[in-house]
Amino acid sequence: MKDLTPDPTTLDPEETMPRDRLEALQLERLRETLRHAYENVATYRAKFDAAGVAPDDLKTLADLAKFPFTVKDDLRQAYPFGMFAVPRNRIARIHASSGTTGKPTVVGYTAQDLDHWAGLVARCLRAAGVRAGDMVHNAYGYGLFTGGLGAHCGIEKLGATVVPVSGGMTARQVQLIEDFRPKAICVTPSYMLNILEEYHRQGLDPGACPLEVGIFGAEPWTPAMRAEIEEAFDMHAVDIYGLSEVMGPGVAQECVDTKDGLHIWEDHFLPEIVDPGTGEVLPDGEEGELVFTTLTKRGMPVIRYRTRDLTTLMPGTARTHRRMAKVTGRSDDMIILRGVNVFPTQVEERVLAVKGLAPYFQIELVKAGNMDAMRIHVEGLPGADAAACGVVLSREIKERIGVTCEIVLAEPGGVERSQGKARRVVDNRAS
């Protein structure tokens, strides 16, 4: 693999800013963010008042612990635009992600927010070894999902050439990689394994492909998967992190020269690690739930947003900004299937919405080749056309949740019943 270490002179000044200056900048931006949110978002005003705190109570960064958390349900209850901190006509773009109720959580960006976002993704790409003039194959999905457009604008901001392929049509992905000769690819790691399968199917040598680095995000992936990808393609594989509620891709990035965790861009995002049960702030080095406060977002600032991702904060290495370890899991029951967040309650809603199906179901996670797949085990009611109901359910899940699944029709009584707590998810991917 080639040495892709960036030239230090090309970095943003903030990336190597001394910690004392960085923390002074964070405090200044945090005070303004709290004030902006309190004055312009009814949800925050009510939450701050109920907690007995006001923006002026923030004297140090540690004082942020006095302020209440934001959770996904706050965004759902404010649907669609109640979390916006500027008039709707100042929102330049809207993205959305699905929530457990089936109603999406909506996020909005001002023109300035979009410029910051593009700049941060460009910073990530540079840390991954991409340069101005390079070509980047962007296989993240476009649309309301933040991945595709978020990466796209960052590639352009860097001055690189973007190939906006989006997801799917794997044979075409391979053809364009071979014909266009891009240096980098942005894609989910599991789909990269699908591309690897297609290389083998076409009789091509993946080790001879032009790709030098992959920027992988939108789902957890293991060091073993990194090793498999790097060995097969003779390329670097690095991690990018983000979530729609905070911004999208570009919140944190693994540097290609160290591959020792993801540097969080702390000039724009203030991270905390808290105990998932008590909410108590934990010191760096202890694993807990990752919490983010935005420092520069104007359209939709978020204060102490509980991501449910479990990780650890560590000192900076390649940059002065702190690092987060790879996410080890989640503090809730969310399933991430090919980059799409899926909750059992979403599936339950769709099962209950299909007349002719019994109100019992179970999700089975399996491997379909190198890809994760989902089966939904259900039962038909007596006298109902169960097969037709299964077709309707499959369509509903695809359209409403955004994933393709296999519907398995069981005989009456064939789906496991609750013995106190329903076992909604059975993970057979390792079996």
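A residue is called buried when its relative accessible area is under 20%, exposed when over 50%, and partly exposed in between, using a 1.4 Å probe and protein chains only. Helices (H or I, at least four residues) and strands (E, at least two) are DSSP runs, numbered from the N terminus. The structure is a predicted model, in which local features need pLDDT of at least 70 and side-chain atom pairs count only at pLDDT 80 or more, while totals for chains, interfaces and linings use all residues. Residues are numbered from 1 along each chain as its sequence is written, and side-chain values use heavy atoms, with hydrogens and water left out.

Strand E19 (residues 371-380) is largely enclosed by the rest of the structure, because eight of its 10 residues are buried. Two strands are taken to pair if DSSP finds at least two bridges between them. In general, the strands of a sheet pair through backbone hydrogen bonds, either parallel or antiparallel. Strand E18 (residues 357-368) runs antiparallel to E19, and nine bridges join them. Within this pair, phenylalanine 361 has valine 378 of E19 as its bridge partner. The hairpin of E18 and E19 has two residues between the strands, and glycine 369 takes a positive phi near 70 degrees there. E19 also pairs with strand E20 (residues 406-410), in the parallel sense, over five bridges. Here valine 378 has leucine 409 of E20 as its bridge partner. Together with helix H10 (residues 386-400), E19 and E20 make a right-handed β-α-β unit. Right-handed means that, with the strands pointing away from the viewer, the path from the first strand over the helix to the second runs clockwise.

An open sheet of nine strands has the order E4-E3-E5-E6-E7-E8-E9-E14-E13, and its pairing is mixed. Its edge strands, E4 (161-164) and E13 (313-314), each pair on one side only. Strands E9 (residues 262-264) and E14 (residues 323-324) run antiparallel and are joined by two bridges. Leucine 262 has methionine 324 of E14 as its bridge partner. Helix H4 (residues 111-127) packs on the sheet and touches E5 (184-187), E6 (213-216), E7 (236-243) and E8 (248-254); the direction of H4 makes about 30 degrees with that of E8. Contact means heavy atoms within 4.5 Å. Angles run from 0 to 180 degrees between N-to-C directions, and axes are lines fitted to C-alpha atoms, for helices over the stretch in contact. Helix H6 (residues 170-180) lies across E3 (135-138), E4 and E5, running at about 175 degrees to E3.

Lysine 183 is located in the loop between H6 and E5. Lysine 183 is buried because its relative accessible area is 15%. Beyond residues up to four places away in sequence, lysine 183 touches several residues, including Leu4, Gly129, Asp134 and Glu212. Leucine 196, in helix H7 (residues 189-201), counts as buried at 6% relative accessibility. With residues up to four places away in sequence not counted, leucine 196 touches Pro206, Glu228, Ala232 and Phe233.

Helices H1 (residues 19-40) and H2 (residues 42-51) pack at an angle of about 105 degrees, with their axes 5 Å apart. H1 and H2 are therefore roughly perpendicular to each other (angles under 35 degrees count as roughly parallel, over 145 as roughly antiparallel, 65 to 115 as roughly perpendicular and the rest as oblique). Among the residues making the contact are Leu34 and Tyr38 of H1 and Tyr44 and Phe48 of H2.
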